[in-house]
Amino acid sequence: MPPPRPSTATTMTLDSTSGRRVPRNRDFLNKHGHRHHSYDPEKAPYPLSYDRQVLELENLDHSFVMHVKKSVSVVQFPDHIFPKHSLDLGCGGGTWILDAAKEWPDCEFVGFDLVDVQVPLSLLEPDIASRVSWVHGNFLTTKLPFDDDEFDHVHMHGLGRGIPENKWGVLFEEVSRVLRPGGVVEVLEHDILFPTLPTWFTAPLRARNKRSDSVHHPNGSHHRNDKLPSSQPDIPPLPHDHVLLESLYYAVFENRFINLRPTAILPIYFTSNFRRVISAPIVHFRMPALPPLQPLPQPLPPNALLMEASLSSDRSETTSQPHAPLTPRPLAISFSSTHSSATSKSASSGESSLFSNMEGSMLSYPTTSPADCSPCSPTLSCDAANTLSSEIETAHLMKKPLYVVDSSAAESTSMGVAASQSLIPLGEIDKLSERSLAMQLYWSYQSVLACQEAMYEELLDRTRNRTGQLTDWGWDTDQELSELESRTKFEILVDRYKRDMQARISLWCSLAELGWSVPPREAMSKAELVEEERLYRAMLEARRFASEEDLYTPCRSVRILVGYKDVQ
């Protein structure tokens, strides 16, 4: 008699205060405002949070695969005979299953995951809900709760950040056990990568932070640095501004025995359990091309400050005389970050899709306009700025391949791996817009932010036991952070990284390409505008130092494998 199947009923309930559905179980811990699973890290080493923006990365990735493959699966099913019983291992929020249930109407699905973050079945259409089950458990410590030969298809997407290297073989043995003879398993995996930015890009952004000696922190506190800088011995420059976070990020996985390059090791474990294996080459997506800078903001009207002072004076006096309301400053809206010098007019044409390739791929965005070079802007010449920007665009914004294919591992036949580019439609990827690479960078840096609590625990361990490593990476040499507590310092470092990446991605540029009208930046006083122009020129001139390696280094690496179980 087979063992009883676990309950697949949804475990969600309705919060009477917020009106939102929340899990009934206690599978989550709150760490400094971030939701994490409550398992022991040794039993479930997955370090990412379950915050909303992290779960949305699954939707982003799935949409990308759907766009280039035009299907939920990379498998070419003969005669369009689709699976009848499919298992999504590590299903996350259940995005893949929901689309697969529409594409394969005669298939029943089981989504298996560590915790309950899936869409409640009560919210699904009855036809789909009747064919979907959610099951929860830890496949690293217990066998999969399914019968032998139960499924004819298994889907695995992005499990590498939670599986120690010595567990891959055991996991694939379990997948082979529950897969019927002739069944197929497809794996999409990506390497663990910390995207970095060169110092020539981040230096002008850091200068913007130092305009004022009053430092404001993410928790709302601030302090004023009135001390003169102390004399310190010369310290060798660091490779980039975020080298400490990079070290912490990689240490999180290394200490959990998780290989940083699962795309390189998976074929070894895969071919040990599946005889017929099709392995796509590794595809490295490069960094997006440098976006143009936003035009400078408009100056405030000459009488704006007097009007504001008059308004303040009127408010301090008790009077019954009504006065006409003053027109407020336009609301400052930034789609990249407060560090980005970004916004532009829309320059899109044709199909409005971020994935679509537009004519020439690189659109021409104005970096300055005659209106931006006002009499209050003596420090920046329109001609000089346009000339400099033109030189940079000519040198660095030419159309380049979006990816590099590394098929060296797939070409090895000693493991029985048949290299095949059919799994990844490179022709469809070639049609993508240059700005689609911003999505790949967004996915990578958001994956870093999702691990910040695990990174902080690694930092605490170093402050107690390995202080020398922190000194090497600049932990004690940043004067702005020297007097702050460890948690506050760490949050500032994470916030810097986030803002620098937002400036590099420049979401406003993608929105403009899609045809959105980007709101203008907040008007500035003359003094503010002069400082803004200085930073504007510094950012333009800094781009002269950009190298091919800086601009086209990989920001994400992915690989797909398909295996078939032998027919006995």
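The exercises below, each with a worked solution, go through a predicted model of one protein chain.

Residues are numbered from 1 along each chain as its sequence is written, and side-chain values use heavy atoms, with hydrogens and water left out. In this predicted model, local features need pLDDT of at least 70 and side-chain atom pairs count only at pLDDT 80 or more, while totals for chains, interfaces and linings use all residues.

**Exercise 1. State how many helices and strands the chain has, and what percentage of its residues count as buried.**

Solution. Begin with the elements, which are DSSP runs numbered from the N terminus, helices being H or I with at least four residues and strands E with at least two; the chain has 17 helices and 16 strands. Then turn to burial, where buried means under 20% relative accessible area, exposed over 50%, and partly exposed in between, with a 1.4 Å probe and protein chains only; of the 568 residues, 50% count as buried.

**Exercise 2. Describe how β5 is covered and which strand it is joined to.**

Solution. First, 5 of the 5 residues of β5 (85-89) are buried.

**Exercise 3. Place Cys91 in the chain and list what it touches.**

Solution. Cys91 lies in the loop between β5 and α2, and its relative accessibility of 2% is why Cys91 counts as buried. Contact means heavy atoms within 4.5 Å, and, not counting residues up to four places away in sequence, Cys91 touches Glu58, Gly111, Phe112, Asp113, Gln118 and Trp134. The C-alpha atom of Cys91 is also separated by 7.9 Å from that of Met156, 65 residues apart along the chain.

**Exercise 4. Give the volume of the largest cavity and describe its lining.**

Solution. On a 1 Å grid over the protein atoms alone, a cavity is a set of points where a 1.4 Å probe fits but cannot get out, and lining residues have an atom within 4 Å of a point. Grid points are joined across faces, edges and corners, and a volume is the space filled by probe spheres set on the points. There are 9 cavities of 30 Å³ or more, and the largest has a volume of about 780 Å³. Its lining has 44 residues, of which Gly90, Gly92, His157, Gly158 and Leu159 lie nearest the centre. The largest share of this lining, 7 residues, comes from α1.

**Exercise 5. Name the members of the largest nonpolar core that touch the most other members, and then follow Phe253.**

Solution. A nonpolar core is a set of buried Ala, Val, Leu, Ile, Met, Phe, Trp, Tyr and Cys residues joined through side-chain atoms within 4.5 Å. Of the 49 residues in the largest one, Leu245, Tyr249, Phe253, Met455, Phe490 and Tyr497 touch the most other members. The elements giving two or more residues to this core include α6 (243-254) and α14 (486-505). Leaving aside neighbours within four places in sequence, Phe253 is in contact with Pro47, Arg161, Ile192, Ile258, Leu260 and Cys451.

Technical notes
On a 1 Å grid over the protein atoms alone, a cavity is a set of points where a 1.4 Å probe fits but cannot get out, and a pocket is an open set with protein on both sides within 12 Å along at least five of seven lines; lining residues have an atom within 4 Å of a point. Two strands pair if DSSP finds at least two bridges between them.
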